[in-house]
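My notes are kept in the order in which I looked things up.

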Amino acid sequence: MANTPGAKKAVRKIARRTEVNTARRSRVRTFLRKFEEAVTSGDATAAKAAFVKAQSELMRAVTKGVVHKNTGSRKVSRLAAQLKKLSAA
């Protein structure tokens with residue numbers, strides 16, 4: 001348990017940041033799920049639109065520090081590969 005005033009403040013701050021980061025992570029997962037649904041449906045135009053939104057959301061999470069830069073880039077790369085595969089088929 002935190003004893004000093006500074007430690008108590010840090011606990012409050014961490015709780016607020018955790019809540020914000022959880023919401024951001026959830027938002028990213030939502031956009032990734034929408035992209036996956038578009039890919040499984042086979043609709044290339046919907047998948048392209050979903051890809052743009054998912055990429056934007058992932059990169060925003062990177063800038064906010066929720067996701068590591070390399071992780072965001074890797075996920076975007078894999079999404080792009082799925083989209084390319086869908087478009088070629």
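**Before starting.** I noted that this is a predicted model, in which local features need pLDDT of at least 70 and side-chain atom pairs count only at pLDDT 80 or more, while totals for chains, interfaces and linings use all residues. Residues are numbered from 1 along each chain as its sequence is written, and side-chain values use heavy atoms, with hydrogens and water left out.

**Helix α1.** I looked up helices as DSSP runs (H or I, at least four residues), numbered from the N terminus. Helix α1 covers residues 5-41, and its 37 residues reach 54 Å from the first C-alpha to the last, close to the 54 Å expected at 1.5 Å a residue; the expected span is 1.5 Å times one less than the number of residues. I then listed the buried residues of α1, which are Val28, Phe31, Leu32, Phe35, Ala38 and Val39. Here buried means under 20% relative accessible area, exposed means over 50%, and partly exposed lies in between, with a 1.4 Å probe and protein chains only. These buried residues of α1 pack against α2 (44-64) and α3 (69-88), where contact means heavy atoms within 4.5 Å. Just after α1, I found glycine 42 with a positive phi of about 85°.

**Helix α2.** With 21 residues, α2 reaches 30 Å from its first C-alpha to its last, close to the 30 Å expected at 1.5 Å a residue. Its buried residues are Ala47, Ala50, Phe51, Ala54, Glu57, Leu58, Ala61 and Val62. Seen down the axis of α2, they fall within an arc of 145°, so they line one face of the helix; the arc is that of the directions from the helix axis to the C-beta atoms. The face turned away from this buried side carries the exposed residues Thr45, Lys53 and Thr63. Glycine 65 follows α2, and its phi is also positive, near 85°.

**The core.** I next looked at the largest nonpolar core, where a nonpolar core is a set of buried Ala, Val, Leu, Ile, Met, Phe, Trp, Tyr and Cys residues joined through side-chain atoms within 4.5 Å. Of its 19 residues, Leu32, Phe35, Ala47, Phe51, Leu58 and Leu79 touch the most other members. Helices α1, α2 and α3 each supply at least two residues of this core, and the largest share, 7 residues, comes from α2. Leaving out residues up to four places away in sequence, I found that leucine 79 touches Leu32, Phe35, Glu36, Phe51, Ala54 and Leu58.

**Salt bridges.** How many salt bridges does a search of the whole structure find? There are 3, each a side-chain nitrogen of Lys or Arg within 4 Å of a carboxyl oxygen of Asp or Glu. Glutamate 57 pairs with arginine 27, their closest N and O atoms being 2.9 Å apart, and this pair links distant parts of the chain, with glutamate 57 in α2 and arginine 27 in α1, 30 residues apart. Glutamate 57 is buried at 7% relative accessible area, whereas arginine 27 is partly exposed at 42%. Glutamate 57 also forms a salt bridge with arginine 60, at 3.2 Å between the closest N and O atoms. Arginine 33 forms a salt bridge with glutamate 37, and both lie in α1, 4 residues apart, about one turn of the helix.
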